[in-house]
Amino acid sequence: MGSSEDIGARVCAVKGDARKADELVRDYLPFITSETAKFMARRPVVGVDDELGIAMFAFHEATQIYDRQRGAFLPLAARMIRNRLIDYRRREARHTRVVSLDAPRFEGDDEEGKTLLEHVDSGHDEIGDRHMREATRTEIEEFTQLLASFDVKLTDVADNCPKQERTLSACRRALAYAREHHEILDRLEQTGKLPLADLAEGSGVERKTLERHRRYLVALLLAYTNGFEIIRGHLCRLDARQGDDAR
């Protein structure tokens, strides 16, 4: 395997070429296996554990959506592998629960003849919830470290979120402009600073508004450009709640 720069170039080159895509998956099988092992807490067995095949598919899926302007490929691939494995575990847990709860209770039970479904709350997916908590905790740790490199704390996001509908709408316009113009994101990642002058000019939002909410803007842009799916969902809900509160 090459450097992160090499993998980015290779990923861009494999789109639409099934043969090259398969070669890339084979070359990065050690990485895929390692990410699967982290999730399973043991090394997956080829031909036995479905998780490895799912991880390989997730890696290939990541190659199809990767945008080199939005960060490194391997962190994106790792998150997609983890998310697909969580989905798989949740589906398996639901299937297992249906089978087991339809079975009769053990002979000799005081309530013999009734099924387990009559005794267990089937609305709670403990296995899926546990893996989701683990994935969320890992993603929060990674996101917190990334924010720190930009002099932003996770608590700053809620504190710095616009409270007025007009200001919130202005910040949304600035975020939309930044996501559509990669040079803004490139300068943010390269310098660690949001190019406020260019962002204000391009989006039509007053610079002083952007300055007041810099930490909020930086956090959302980093979440959107680095594949933090779980974090992005939480931030979008926060954004929506703030908009409702402002009305």
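Author: The model is predicted. In the contact between helix 3 and helix 4, the residues on the helix 3 side are Leu29, Phe31, Ile32, Thr33, Thr36 and Met40. Across from them, helix 4 contributes Glu51, Leu52, Ala55, Met56 and Phe59. Sorted by class, this contact holds 8 nonpolar, 2 polar and 1 charged residues.

As for geometry, helix 3 covers residues 29-40 and helix 4 covers residues 50-65. Their axes lie 9 Å apart and the packing angle is about 125°. Because angles over 145 degrees count as roughly antiparallel and 65 to 115 as roughly perpendicular, helix 3 is classed as oblique to helix 4. The crossing of helix 3 past helix 4 is right-handed.

Now the cores. The largest nonpolar core has 31 residues, and those touching the most other members are Leu194, Leu199, Leu210 and Tyr216. At least two residues of this core come from each of helix 6 (126-148), helix 8 (165-180), helix 9 (182-191), helix 10 (196-203) and helix 12 (214-225). Helix 12 gives the largest share, 8 residues.

Leu194 can be followed in detail. Leaving out residues up to four places away in sequence, Leu194 touches Leu188, Leu199, Arg214, Leu217, Val218 and Leu221. In soluble globular proteins, nonpolar side chains tend to be buried together.

Technical notes
Residues numbered from 1 in each chain as written. Predicted model: local features only at pLDDT ≥ 70, side-chain atom pairs only at ≥ 80, totals over all residues. Heavy atoms only, no water. Axes fitted to C-alpha atoms, helices over the stretch in contact; angles between N-to-C directions. Helix = DSSP H or I, 4+ residues; strand = E, 2+ residues; numbered from the N terminus. Parallel < 35°, antiparallel > 145°, perpendicular 65-115°, else oblique. Left-handed = near helix turned anticlockwise from the far one by under 90°. Contact = heavy atoms within 4.5 Å. Nonpolar A, V, L, I, M, F, W, Y, C, P; charged D, E, K, R; others polar. Core = buried A, V, L, I, M, F, W, Y, C linked by side-chain atoms within 4.5 Å. Buried < 20%, exposed > 50% of the residue type's maximum accessible area, 1.4 Å probe, protein only.
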